[in-house]
Amino acid sequence: MSKLGTAFSEGIIAFIATNIDDIIILLIFFSQVDVNFRRRHILLGQYLGFTAIIIASLPGFFGGLVVARQWIGLLGLLPIAIGIQQLVYTTEETITVQTVSSDFRQSTPANPILSFILSVLRPQTYKVAAVTLANGGDNISIYIPLFAGHDLASLQVILSIFFVMVGVWCAIAYFLSRQPTIADILSRYGKAVVPFVLIGLGLFIMYERGTFTLLPWVKS
């Protein structure tokens, strides 16, 4: 197999192996889609978060910095913070949803380019990006050595595969969320469960990366 062919195969395998759990998170996100939280927020947030993961992994290509797993685990604080925020403001958001919905419809610009830019700047996009970054923090420890073993042409192939697969992952999660049985379960329990899922995800990220060993009373 050629070097580029090898990079192609490694890119697909590495993405699938490191993003299986992301399907569940995307399913939860798509179950919450409404007038305030759009599909584009999820797609753009996913790409922003994944781009941040790639940027953090690029030092591996240059043979540079390697971030300790314990410190990478601190990214778990992001979904914990978002989950707590959703628990605190759930009631307030429910009360104001009709007003926000009306205002949103009236203020949406007709210019598609301006609309796209405003979508990128919305807090919903950054929330998805933050969860994507935190959930994929461990990917960095895999992508760094992966990138280090390739030249520039092979790296470009791998990155191309990665960014195509992000869109494929979003499409799979979206179509799964549209299935009647799955959609009904998620529509009934999704929003109530989401904050706890995010908090649990953050704690798991910190535990799995060994972040709690940074605490002075945990060290041996």
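1. Gly-167 is found in helix H9 of this predicted model. Its relative accessibility is 23%, so Gly-167 counts as partly exposed, given that the buried class ends under 20%. Tyr-47 is 120 residues away from Gly-167 in sequence, yet the two C-alpha atoms are 8.3 Å apart in space.

2. Helix H9 covers residues 152-177, and its axis comes within 8 Å of the axis of helix H1, residues 3-19. The two axes cross at roughly 40°, and the crossing of H1 past H9 is right-handed. On the H1 side the contact is made by Lys-3, Leu-4, Ala-7, Phe-8, Gly-11, Ile-12, Ala-14, Phe-15, Ile-16 and Asn-19. These meet Ala-153, Ser-154, Val-157, Ile-158, Ile-161, Phe-162, Met-165, Val-166 and Trp-169 in H9.

3. Gly-200 is another glycine to look at, and it is found in helix H10. With 35% relative accessibility, Gly-200 counts as partly exposed, because that class lies between the 20% limit for buried and the 50% limit for exposed. Ile-80 is 120 residues from Gly-200 along the chain, and their C-alpha atoms are separated by 7.5 Å.

4. Helix H10 spans residues 180-208, and Trp-217 lies in the segment after it. Trp-217 has a relative accessibility of 67% and therefore counts as exposed, the cut-off for that class being over 50%. Trp-217 also belongs to a nonpolar patch on the surface, together with Leu-203, Phe-204, Tyr-207, Phe-212 and Leu-215. The accessible area of the six residues together is about 700 Å².

5. Helix H2, residues 22-31, is mostly covered, with nine of its ten residues buried. The buried positions are Asp-22, Ile-23, Ile-25, Leu-26, Leu-27, Ile-28, Phe-29, Phe-30 and Ser-31.

6. Gln-124 lies in helix H7, which runs over residues 123-135. Leaving aside residues up to four places away in sequence, Gln-124 touches Asn-36, Phe-37 and His-41. Arg-38 is 86 residues from Gln-124 in sequence, and the C-alpha to C-alpha distance between them is 8.5 Å.

7. For the chain as a whole, the model has ten helices and zero strands. The order of elements from the N terminus is accordingly α-α-α-α-α-α-α-α-α-α. Among contacts with a separation of 6 or more, 88% are between residues 24 or more positions apart.

8. On surface and burial, 40% of the 220 residues in the chain are buried. The chain exposes about 12100 Å², and 70% of this area is supplied by carbon and sulfur atoms. The patch that includes Trp-217 is one nonpolar part of the surface.

Key: Residues are numbered from 1 along each chain as its sequence is written. This is a predicted model: local features need pLDDT of at least 70, side-chain atom pairs count only at pLDDT 80 or more; totals for chains, interfaces and linings use all residues. Side-chain values use heavy atoms; hydrogens and water are left out. Patches are made of residues with over 30% relative accessible area and no salt bridge: like charges are joined within 9 Å, nonpolar side chains (Val, Leu, Ile, Met, Phe, Trp, Tyr) within 5 Å. Accessible areas come from the Shrake-Rupley method with a 1.4 Å probe; for residues, only the protein chains shown count as cover. A salt bridge is a side-chain nitrogen of Lys or Arg within 4 Å of a carboxyl oxygen of Asp or Glu. Helices (H or I, at least four residues) and strands (E, at least two) are DSSP runs, numbered from the N terminus. Buried means under 20% relative accessible area, exposed over 50%, partly exposed in between (1.4 Å probe, protein chains only). Axes are lines fitted to C-alpha atoms, for helices over the stretch in contact, and angles run from 0 to 180 degrees between N-to-C directions. A crossing is left-handed if the near helix is turned anticlockwise from the far one by less than a right angle, and right-handed if clockwise. Contact means heavy atoms within 4.5 Å.
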